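Please examine the sequence and the model below.

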Amino acid sequence: MRQDVEAIALIYRNLGAPVAEQMVTRALGELALTMAGIAEKVRAQELRDLARQLGRLRRLAADLGLLTLATVAGDARTCLERAEGTAFSAVWARLLRVAERSLATDAGLVDQSV
């Protein structure tokens, strides 16, 4: 799992601890909701608009310094856009694992960046 803690540190330096903590917490919540929405669409096999949602997930993850999550979300989007079903299934399984680890461990990321 690659993380760029400098992304979070920069937010803290620019906004100050109280505002930054709220912003990062809100962004992590938004990231989790986006991932949950994508997972629901995949389960229901509703692929329309999924590429856009994966792009959003990639941007949110990158903004928070979650480099592995951002990369895998981008890979999933590429597979989807190329209509590579088998590759998408494999990358999707990886995205679920990476997202679970990222969201489970990043609650502590807020505290580490102060």
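In which helix is the place of threonine 34? Threonine 34 lies in helix H2 of what is a predicted model. Its relative accessibility is 7%, and threonine 34 therefore counts as buried, the cut-off for that class being under 20% relative accessible area. Leaving aside residues up to four places away in sequence, threonine 34 touches Gln53, Arg56, Leu57 and Leu60.

These partners lead to the packing of two helices. Two packed helices are described by the angle between their axes and the distance between the axes. For helix H2 (residues 17-43) and helix H3 (residues 50-63), the angle is about 155 degrees and the axes are 10 Å apart. H2 is therefore roughly antiparallel to H3, since angles over 145 degrees fall into that class. The crossing of H2 and H3 is left-handed. On the H2 side, the contact is formed by Glu30, Leu31, Thr34, Met35, Ile38, Lys41 and Val42; H3 contributes Leu50, Gln53, Leu54, Arg56, Leu57, Leu60 and Ala61. By residue class, the contact of H2 with H3 comprises 9 nonpolar, 2 polar and 3 charged residues.

There remains helix H1, which spans residues 5-15. Ala7, Ile8, Ala9, Ile11 and Tyr12 are its buried residues. After H1 comes glycine 16, which has a positive phi near 85 degrees.

Methods. Residues are numbered from 1 along each chain as its sequence is written. This is a predicted model: local features need pLDDT of at least 70, side-chain atom pairs count only at pLDDT 80 or more; totals for chains, interfaces and linings use all residues. Side-chain values use heavy atoms; hydrogens and water are left out. Axes are lines fitted to C-alpha atoms, for helices over the stretch in contact, and angles run from 0 to 180 degrees between N-to-C directions. Helices (H or I, at least four residues) and strands (E, at least two) are DSSP runs, numbered from the N terminus. Angles under 35 degrees count as roughly parallel, over 145 as roughly antiparallel, 65 to 115 as roughly perpendicular and the rest as oblique. A crossing is left-handed if the near helix is turned anticlockwise from the far one by less than a right angle, and right-handed if clockwise. Contact means heavy atoms within 4.5 Å. Ala, Val, Leu, Ile, Met, Phe, Trp, Tyr, Cys and Pro count as nonpolar, Asp, Glu, Lys and Arg as charged, and the others, Gly among them, as polar. Buried means under 20% relative accessible area, exposed over 50%, partly exposed in between (1.4 Å probe, protein chains only).
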